[in-house]
Amino acid sequence: MSPEYAMGGVISENSDVFSYGVMLLDIISGKRNTEFIHREQIYPLAHAWKSWKEGREIELMDQALGGSSCVSEGLRCIHVALLCVQDLPKDRPTMTEAVSLLCSETDLPEPKSHCLLCIGCPVDRNV
């Protein structure tokens, strides 16, 4: 559920983009966003952001994908997913842009900090 919908009941195409990003992370990680990651007691979405900021995004990939030749595609999916779940709707790509980013080999912009997603998550919020 997008932050703007959860906090204010606002739903838009940007909410769909947020959900798409969550779905991409679910598929790549093999974990549902509603499950806790027990060792850290945080949700996979917050864990994904923390791992990204620490340069450990490859750890997000399901082990069944990690040994394959598709690692670069998996990392690109994670990157696009994080662009889709940015806190502010204006920072998210459109659905058309998200699909285009997945299918291209162009450089991707850095996702912006996820303050709402990392509540309770030991990540430097000033980054």
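1. Helix H5 is mostly covered, with 11 of its 14 residues buried. The buried residues are Val71, Gly74, Arg76, Cys77, Ile78, His79, Val80, Ala81, Leu82, Leu83 and Cys84. Please bear in mind as you look at them that this is a predicted model.

2. The length of H5 also checks out.

3. Which residues touch the most other members of the largest nonpolar core? They are Leu25, Leu45, Ile78, Val80, Leu82, Cys84 and Val85, out of 25 residues in that core. Two or more residues each are given by helix H2 (13–29), helix H3 (44–53), helix H5 (71–84) and H6. H5 supplies the largest share, 8 residues.

4. The structure holds 0 disulfides.

5. Is Cys103 buried or exposed? Its relative accessibility is 66%, so Cys103 counts as exposed, the cut-off being over 50%. Cys84, in contrast, is buried, with a relative accessible area of 0%.

6. Now to the chain as a whole. The protein chain has 6 helices and 0 strands, and along the sequence this reads as α-α-α-α-α-α. Of the contacts with a separation of 6 or more, 61% are between residues 24 or more positions apart.

7. On burial and surface: 41% of the 127 residues of the protein chain count as buried. The accessible surface of the chain comes to about 7,300 Å², and carbon and sulfur atoms account for 57% of that area.

8. Finally, a friendly word on confidence. The mean pLDDT of the protein chain is 77, and 68% of its residues reach 70 or more. Among the elements, helix H6 (residues 95–103) has the highest mean pLDDT, 94, whereas helix H1 (residues 3–8) has the lowest, 57. Over residues 117–127 the pLDDT is below 50, although this stretch has 19 contacts in the model beyond near neighbours in sequence. Where pLDDT is low, the predicted coordinates should not be read in detail.

Technical notes:
Residues are numbered from 1 along each chain as its sequence is written. This is a predicted model: local features need pLDDT of at least 70, side-chain atom pairs count only at pLDDT 80 or more; totals for chains, interfaces and linings use all residues. Side-chain values use heavy atoms; hydrogens and water are left out. pLDDT is the predictor's confidence in each residue, from 0 to 100. Helices (H or I, at least four residues) and strands (E, at least two) are DSSP runs, numbered from the N terminus. Contact means heavy atoms within 4.5 Å. A nonpolar core is a set of buried Ala, Val, Leu, Ile, Met, Phe, Trp, Tyr and Cys residues joined through side-chain atoms within 4.5 Å. Buried means under 20% relative accessible area, exposed over 50%, partly exposed in between (1.4 Å probe, protein chains only). A disulfide is a pair of cysteine sulfur atoms within 2.5 Å. Accessible areas come from the Shrake-Rupley method with a 1.4 Å probe; for residues, only the protein chains shown count as cover.
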